[in-house]
Amino acid sequence: MAAVPRTTDGDGTPVPQRLLAAATRLFAERGYDRTSVQEIVEAAGVTKGALYHYFGSKDDLLHEVYARVLRLQQDRLDTFADADEPVEKRLRDAAADVVVTTIDNLDDASIFFRSMHHLSPEKNRQVRAERRRYHERFRALVEEGQQSGVFTKEIPADLVVDYHFGSIHHLSTWYRPDGPLSPQELADHLADLLLRALRP
């Protein structure tokens, strides 16, 4: 079997990125279940062999569409959480950042939440574990502030996390880039609402 090329003949974009870009566009336009593997490889300009070299299935592509955003957000959350700053600033920075990075990757997030039920049980469990790790790190910041007296203990930390991420998970249904709020402005408003709810 011939070796799979690592990059394009044109702009040098690696094959996995080409496949993900094509899959993301097609999933957004047609829906995951109405997009075939053949359509993805044709849009990416590669063979089915190339797709199966990098991704075992269409299911793997759907998982990676979301996983790459979650990896980015986890890395950024870890950076904010580990910073040598007061807990209130660390939480606010993390709360705002996840809004901005979600909006920056809105197609990926909306495709995933719309199509998550198509994932295999194993991939579904994997995604839930990855999301749980993120939420637990975020919740740990809330709990740290509650234990130090910076945040009220009257509101359970789990409820605070669910409240914030409930807003974020619905962004794709109403946020418009040409609307009155920029991503950063919206992020600042949501982060301020979160901190206001936590004040003693």
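## Overall architecture

From the N terminus on, the elements of the protein run α-α-α-α-α-α-α-α-α-α. The secondary structure comes to 10 helices and zero strands; helices (H or I, at least four residues) and strands (E, at least two) are DSSP runs, numbered from the N terminus. This is a predicted model, in which local features need pLDDT of at least 70 and side-chain atom pairs count only at pLDDT 80 or more, while totals for chains, interfaces and linings use all residues. Residues are numbered from 1 along each chain as its sequence is written, and side-chain values use heavy atoms, with hydrogens and water left out.

The C-alpha trace spans about 65 × 35 × 30 Å along its principal axes. Of the 200 residues, 45% count as buried; buried means under 20% relative accessible area, exposed over 50%, and partly exposed in between (1.4 Å probe, protein chains only). Among contacts (heavy atoms within 4.5 Å) between residues at least 6 apart in sequence, 69% join residues at least 24 apart.

## Nonpolar core

The largest nonpolar core has 57 residues, and those with the most contacts inside it are L19, L91, V99 and F138. Helix 5 gives the most to this core, with nine residues. A nonpolar core is here a set of buried Ala, Val, Leu, Ile, Met, Phe, Trp, Tyr and Cys residues joined through side-chain atoms within 4.5 Å.

Not counting residues up to four places away in sequence, F138 touches L77, L91, A94, A95, V161, H164, F165 and L194.

## Helix 5 against helix 10

The axes of helix 5 (residues 87-104) and helix 10 (residues 183-198) come within 8 Å and cross at roughly 140°. That makes helix 5 oblique to helix 10. Axes are lines fitted to C-alpha atoms, for helices over the stretch in contact, and angles run from 0 to 180 degrees between N-to-C directions. Angles under 35 degrees count as roughly parallel, over 145 as roughly antiparallel, 65 to 115 as roughly perpendicular and the rest as oblique.

On the helix 5 side, the residues that meet helix 10 are E88, L91, R92, A95, A96, V99, V100 and I103. Their partners in helix 10 include L186, L190, L194 and L198. The residues of this contact divide into 14 nonpolar, one polar and four charged; Ala, Val, Leu, Ile, Met, Phe, Trp, Tyr, Cys and Pro count as nonpolar, Asp, Glu, Lys and Arg as charged, and the others, Gly among them, as polar.

## Helix 5 against helix 8

Helix 5 and helix 8 (residues 157-169) pack at an angle of about 20°, with their axes 10 Å apart. That makes helix 5 roughly parallel to helix 8. The contact is made by A95, V98, V99 and T102 of helix 5 and H164, F165 and I168 of helix 8. By class, it has five nonpolar, two polar and no charged residues.

## Helix 6

Seven of the 10 residues of helix 6 (residues 106-115) are buried, so this helix is largely enclosed by the rest of the structure. The buried residues are L106, D108, A109, S110, I111, F112 and S115. What covers them includes helix 1 (15-30), helix 4 (58-82), helix 5, helix 7 (121-147) and helix 9 (171-174).

D93 lies in helix 5 and is partly exposed, with a relative accessible area of 22%. The C-alpha atoms of D93 and A191, 98 residues apart along the chain, are separated by 7.9 Å.

R76 lies in helix 4 and is partly exposed, with a relative accessible area of 35%. Leaving aside neighbours within four places in sequence, R76 is in contact with D97 and T101.
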